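Here is a short tour of one model, written to be read alongside the sequence and the 3D view. Keep both open and follow the stops in turn.

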Amino acid sequence: MYQISPIRWYMLCLVHGTERRASQQTEETDLGGGAITRSLLKITTGEFDIESIHTLALKNLDISDLGCIGECLGLERLDLSYNDITKLHKLAGLSALQNLNLSANRFSSLDGLQSLENLHSLNIAGNLIGSVDSLQCLTGLQNLRELRLKDDSIKLSNPACLHPSYTADIIEMFPSLVLLDGQRVRGQGSELFYICQEMDKELKNLLASCQRLSQKAADKLKEFEKQASQQQN
């Protein structure tokens with residue numbers, strides 16, 4: 001019976017292991033490896049022709065590079081939430097896109113979205129948008145009706161949302177907007193939003209007044225205690 005020497009057996013195992021690892025690495029690269037590839041799109045959707053894809057969900061896949069997403073010219077609904085995306089310029093050619101979810105990523109600029117002329121709904125909560133001015137590039141999107149920069153229910157927000165005039169500035173900037181952060185700001189049902197806004201403003205003013213009165217009372221008490229101490233001495 002033919003026997004393989006231990007050294008030859010070791011060499012065969014070593015070669016086989018190297019080939020297997022190389023095959024796994026090639027497969028991972030084809031499927032994405034942080035980037036959107038044609039293979040990833042075909043496996044995810046089952047579509048051979050990626051231009052025929054209308055709805056695409058690539059949520060929570062550690063995607064950092066949008067790769068060939070720009071080839072999905074028929075795309076209407078896209079979910080890229082909970083990834084690691086920092087640049088959006090590769091989305092610029094998706095003119096058919098209507099609903100876009102980019103929440104929980106890491107981008108600070110919206111450059112690339114200004115050409116999405118059919119965009120109706122945009123979710124960018126949980127990113128690094130530093131100011132309302134960063135949204136100026138989107139003001140030409142006449143079909144935009146729903147915009148979300150924060151979602152309190154899942155604790156996603158942007159630094160821009162911390163500005164006191166954030167809501168008023170967004171409403172003024174986008175006169176066609178109907179929903180902001182899940183709240184109706186125009187049309188039927190928007191009255192409740194403005195009532196709540198006014199109540200919130202009044203409560204803040206009341207709180208500020210109470211704090212001022214409390215401070216005055218504390219100052220008066222200190223003054224009284226100081227005078228009492230001087231009289232005793």
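A residue is called exposed when its relative accessible area is over 50%, buried when that area is under 20%, and partly exposed in between. By that rule Asp133, at 59% relative accessibility, counts as exposed. One thing to keep in mind throughout is that this is a predicted model.

**The sheet**

Let us begin with the strands. Seven of them form an open sheet in the order S1-S2-S3-S4-S5-S6-S7, and the pairing is mixed. Strand S1 (55–57) and strand S7 (183–184) stand at the edges; each has a single partner strand, so one side of each is left without a neighbour in the sheet. As a reminder, strands of a sheet pair through backbone hydrogen bonds, either parallel or antiparallel.

Inside this sheet, which way do strand S4 and S5 run relative to each other, parallel or antiparallel? Strand S4 (residues 121–123) and S5 run parallel, and three bridges join them. For a landmark on screen, look for Leu122, which stands opposite Leu147 in S5.

The loop between S4 and S5 is where you will find Asp133, the residue we opened with.

The next stop is the loop between strand S5 (146–148) and helix H3 (166–173), which holds Asp151. Is Asp151 buried or exposed? With a relative accessible area of 16%, Asp151 is buried, because the cut-off for that class is under 20%. Leaving aside residues up to four places away in sequence, Asp151 touches Ala125 and Leu156. Asp151 also forms a salt bridge with Arg148, where the closest N and O atoms are 3.8 Å apart.

Lys155 counts as exposed, with 79% relative accessibility.

**The loop between S1 and S2**

A positive phi turns up again at Asn60, where the angle is about 55° although the residue is not a glycine. Asn60 is found in the loop between S1 and strand S2 (77–79), and at 55% relative accessibility it counts as exposed.

**Salt bridges**

How many salt bridges does a search of the whole structure find? The search finds four. Among them are the pair at Asp151 described above and two that involve the loop between S1 and S2.

In one, Glu71 forms a salt bridge with Arg38, with the closest N and O atoms 2.3 Å apart. Glu71 lies in the loop between S1 and S2 while Arg38 is in helix H2 (residues 38–45), so the pair ties together parts that are 33 residues apart in sequence.

In another, the side chains of Asp65 and Lys90 meet at 2.8 Å, N to O. Asp65 is in the loop between S1 and S2, and Lys90 is in the loop between S2 and strand S3 (99–101), so this pair ties together parts that are 25 residues apart in sequence.

The table lists the accessibility of residues from these pairs.

| Residue | Relative accessibility and class |
|---|---|
| Glu71 | 34%, partly exposed |
| Arg38 | 39%, partly exposed |
| Asp65 | 31%, partly exposed |
| Lys90 | 31%, partly exposed |
| Asp151 | 16%, buried |

**Cysteines**

A last stop concerns sulfur. The structure holds zero disulfides. Cys137 is partly exposed, with a relative accessible area of 32%, whereas Cys161 counts as buried at 10%.

Technical notes: Residues numbered from 1 in each chain as written. Predicted model: local features only at pLDDT ≥ 70, side-chain atom pairs only at ≥ 80, totals over all residues. Heavy atoms only, no water. Helix = DSSP H or I, 4+ residues; strand = E, 2+ residues; numbered from the N terminus. Buried < 20%, exposed > 50% of the residue type's maximum accessible area, 1.4 Å probe, protein only. Contact = heavy atoms within 4.5 Å. Disulfide = S-S within 2.5 Å. Pairing = 2+ DSSP bridges.
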